[in-house]
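I opened the model to look up its strands, helices and charged pairs. My entries follow.

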Amino acid sequence: MQILIVTEKPSIARRISYILGKKNVTKKKGMSKYTPIHRFKLDDDEITITSVLGHVYSLDFEEEYNKWDKVDPETLFDAPTRYRVNETNKEIPKVIKQLQTLGKDVEELIIATDADSEGEKIGHDIADIIIEVNPNITVRRMRFSAVTQKDIQKALNEASTTTLDDNIVRKVEARQEVDLRSGSAFTRFQTLGVRKINPGTAPKLLSWGPCQSVTLFFVVERHLEREAFVPEPFFYIYAQIEIKKTLYDLKWQKDRLDNKKECKKIFDALKTEKKGTVVELSAQEKKFWPPKPMNTVTFVSMAAKHLHIASERAMEIAERLYNAGIISYPRTETEIYPRTFSLKRLLEQHVDHSEWGGYASKLLSKRIRATRGKRDDKAHPPIHPTKSIEINELEKLPEVVKFNKNEVWAIYDMIVRHFLATMSMPAVYMETKIVIQIGDEMFNLTGKQIKDKGFLEIYPFRKIAEKSLPALKEGDEVSVSSLEMKEGKTQPPFPLTEAALIKLMDENGIGTDATIPAHIKTNKDRNYFKISGRGRSIQPTELGIALVTGLGNIDEMLVKPELRAYIENQTNLVATGEQKKEAVVKDSSKRMKKLFKEVVAKEETLINALAEAIESERRKSAPKVELFDCPNCGHQIEIFKGKKGYYLRCTNPDKKECKTSYPLPAGIPRAAKFICPLCDKPIITMTSPKGVQYNLCPICWIEEIETDEGKKQRGPCFNCEVEDCKGKVVEEKSRLICPVCEEGALVTRRGKYGRFLACDRYPDCKTTITLYPGDRPLKKVCECGWPIISRLSKQKKRYYKCANKECTKEIDYKEARKSESGFVKCPICGEGELIERIGKYGRFLGCSRYPECKTTVALYNGDRPLKRACPKCGYPMISRLSKQKKRYYKCPNKECDYVEFPKASKDKKLDKDD
């Protein structure tokens, strides 16, 4: 029998072909270079395997409704739609033609797309394409959750009795149509409205989506809660006791009081007490239970929280590991291992692993009992490893070779450890509580001590904070070493993290396990919020806040989760056959159309708020450059960022009165300290897309200026023929002597092609040394007299090289490191200098005598080390930003308290040492 198997991705087609065909597979180039054709013989059947590239068709309106400026967005709720070839990928037409060619003469088609709702829809489209040319073909369905020998063979055996689920297909189509109609209508309305007000700076797309907007709502809601939070004072009594020269902090049983007088009255009665009495002592054995099996939401939350990897990227890595047959299908809601699951077989694969092999063997020596959650989508098992690999084997996997090796390993390591933890015993600890009476008040002293680590032995993502307590018994007296009345303030809620946002979305039914990371990424791409820091904290932008508050003030249903949850429930009823697709689409579109009309009625308020937020964001991001007055109307000329880059524009609010603008070359502009001698206008320093810096006079760039000698001058400053033009080069001073003339000093300059070292006696001495990106000239010179350059290799590792091309001397690594110019003498050894380095966790200062001296000073974001020492301890002074973004000067030595808070007049003087 002639059988055609079609998968969703080329990598899955390749793996299935080699699982089923072993070494007898022949590979042929397909019509699309991305979808090769694999052929082999299996028993008496001739098998052909190929793939598509994701969705073959996409839902869209008829062509006449895609003209934004000519179609009222409200009509989109009732406009006709149709599925058309997915235009986002130019290879799709070739893929369709290949399917029809291969399917023309086969007797059986087996759909082997992913076993989720989207995969069911893709499989349905594949079947339609082939049935068009081969109406009598038999269509079967392969469903598998892992690309392993056992799973693929089982799926193939069951394919003869399995077909596509039409109800799931209708569910996907219903959701697609509802999202298309509502998303397109609101997105066009907002985008076109803002373009009318400010066409120059309006974003290309100001999107809205039923899931996207709710995701943003959660972020903005938390931000507004924090902004509105008013700290309230509270008062409590702090006590500390001393037992055998060890201090222990006690917790007041009343915790805290809002009334200061009442708290002070209690404290006054206690403050003379010097002894306390143990009145109660209890110890209880407790268990800390291992985690439930991992589903998609748990996976992306843990990746964001513990590995600091974005949810979208984590899912991409997980899918590649699945394609490589290393883990099971990563899109699942299930938290229960099926009864047919062979946990023992999976564990046996890991007994020889270098990191967790011993632990896997220990689990196999006992009865295997796994934890259970509540969710079960009946489609896929929880995420688990299907193969044991070592870290050095990652390089052999073509599916993950383009990713950061450490990130891929961290993802795999987390999945394996979670899997092993679900079959482990709980951790057992003893919780001890001692109640101590001081005067008439009771204080608690609690501690925890682990008796059996259980799953914590393999699982680093949870911890028990151990605390040992002294051996006491009831009636014992203890010495009170400290007794104070303290004041505290209530704290605002924490900023929303990516992990917490994923949990909120899951709890409220926003998105699916497959789409949650995509909704977060869309908001980030649209500049509605930003994610920063290792904790992946989320902060909304002014535009995101304006969008949520503007829509929320019109109708909360536009941003709150209730409406989206209702639509999701309705589409799920389509999947079970309880509702018809047409009825759900009609009902949902009717609700969204009603809300759209409410928004249109208050268009001016919403659009103005969005335009104002966009302008405010633009002003924040635009480089601060003091330029000149507009020659036409007198308003200030400022730098603006448009769709094609930065340009100069008049700030006159009446665009009809003045449209003066000046183009700038590609790159990022910033202020320079020079005035152009030809046109008396401020010079701008441009940083090109390749990182090259050069100076530019805006007027000379646009117009031809005549010099005193009668020559026409145009272009960047390095082309300028005026001899005393200070903008010709960007120059940095150096202590190096020119190796050719031995009279001048080498200075670092920036020209048309980037940085270079040049003799300051130019044009009498024309010595130059090219500096490549990442190069750092050292203050020490080679034996030949030329400077030593610290250079980055292709692997981003630093090495040292003589700048003289004719010199063959190899530079000693340690000696070169010692030669690097530092900030101050090392305060520990007194011999080396503290040099700025970049390590695993960011910038730091380290002694130039490393490894003999291992002194380090951490540098935080915004820190600038100064070239002067602390007057008290000798550490380098650090210029640091406060929480209010004001700069102050601090000694980084934790044992030194020296700080300077300079006045505005002193700032510039101090920063000269920067």
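How many bridges join β12 to strand β13 (residues 441-452)? I found 11, and the two strands run antiparallel. I read helices (H or I, at least four residues) and strands (E, at least two) as DSSP runs, numbered from the N terminus. Two strands count as paired if DSSP finds at least two bridges between them.

Before going further I noted the ground rules. This is a predicted model, in which local features need pLDDT of at least 70 and side-chain atom pairs count only at pLDDT 80 or more, while totals for chains, interfaces and linings use all residues. Residues are numbered from 1 along each chain as its sequence is written, and side-chain values use heavy atoms, with hydrogens and water left out.

**Entry: strands**

I stayed with β12 and β13. They form a hairpin with 2 residues between them. In the turn, Gly439 has a positive phi of about 65 degrees. Ile438 stands opposite Glu441 in β13.

Next I checked β12 against β11. Strand β11 (residues 275-288) pairs with strand β12 (residues 427-438) in the antiparallel sense, over 11 bridges. Here Val278 is opposite Ile436 in β12.

I then moved to another sheet. It is open, with 4 strands in the order β35-β36-β37-β38 and antiparallel pairing. Its edge strands are β35 (864-869) and β38 (899-900), each pairing on one side only. Between β35 and strand β36 (residues 876-881) I noted 3 bridges, again antiparallel. Arg864 has Ser879 in β36 as its bridge partner.

**Entry: helix α9**

Helix α9 (residues 311-323) has 13 residues. From first C-alpha to last it reaches 18 Å, close to the 18 Å expected at 1.5 Å a residue. The expected span is 1.5 Å times one less than the number of residues.

Which residues of α9 are buried? I listed Ser311, Ala314, Met315, Ile317, Ala318, Glu319, Leu321, Tyr322 and Asn323. Buried means under 20% relative accessible area, exposed over 50%, and partly exposed in between (1.4 Å probe, protein chains only). The buried residues of α9 pack against α1 (10-21), α8 (296-306), α12 (405-422), α13 (498-507) and α14 (516-525). Contact here means heavy atoms within 4.5 Å. After α9 comes Gly325, whose phi is positive, near 80 degrees.

**Entry: helix α5**

I compared the length of α5 with expectation. Its 32 residues should span 46 Å at 1.5 Å a residue, and the end C-alpha atoms are 47 Å apart, which agrees. The helix is mostly covered, with 24 of its 32 residues buried. Asp165 caps the N-terminal end: a side-chain oxygen lies 3.0 Å from the backbone nitrogen of Asn167.

Lys171 sits in helix α5 (residues 166-197). A salt bridge needs a side-chain nitrogen of Lys or Arg within 4 Å of a carboxyl oxygen of Asp or Glu.

Lys171 does have a polar contact of 3.2 Å with the side chain of Asn572. That term means a pair of N or O atoms within 3.5 Å; within protein, one must be able to donate a hydrogen and the other to accept it, and residues adjacent in sequence count only if both atoms are side-chain atoms. Leaving out residues up to four places away in sequence, Lys171 touches Thr571, Asn572, Val574 and Ala575.

**Entry: salt bridges**

The structure holds 39 salt bridges.

Arg170 and Glu173 come to 2.9 Å at their closest N and O atoms. They are 3 residues apart in helix α5, so about one helical turn separates them. Arg170 is partly exposed at 26% relative accessible area, while Glu173 is buried at 8%.

Asp179 and Arg564 meet at 2.7 Å, N to O. This pair links distant parts of the chain: Asp179 is in helix α5 and Arg564 in helix α16 (residues 561-576), 385 residues apart. Asp179 is partly exposed at 25%, but Arg564 is buried at 3%.

Glu355 and Arg417 meet at 3.3 Å, N to O. Glu355 lies in the loop between α10 (343-348) and α11 (357-364) and Arg417 in helix α12, so the pair ties together parts 62 residues apart in sequence. Glu355 is partly exposed at 45%, and Arg417 is buried at 14%.
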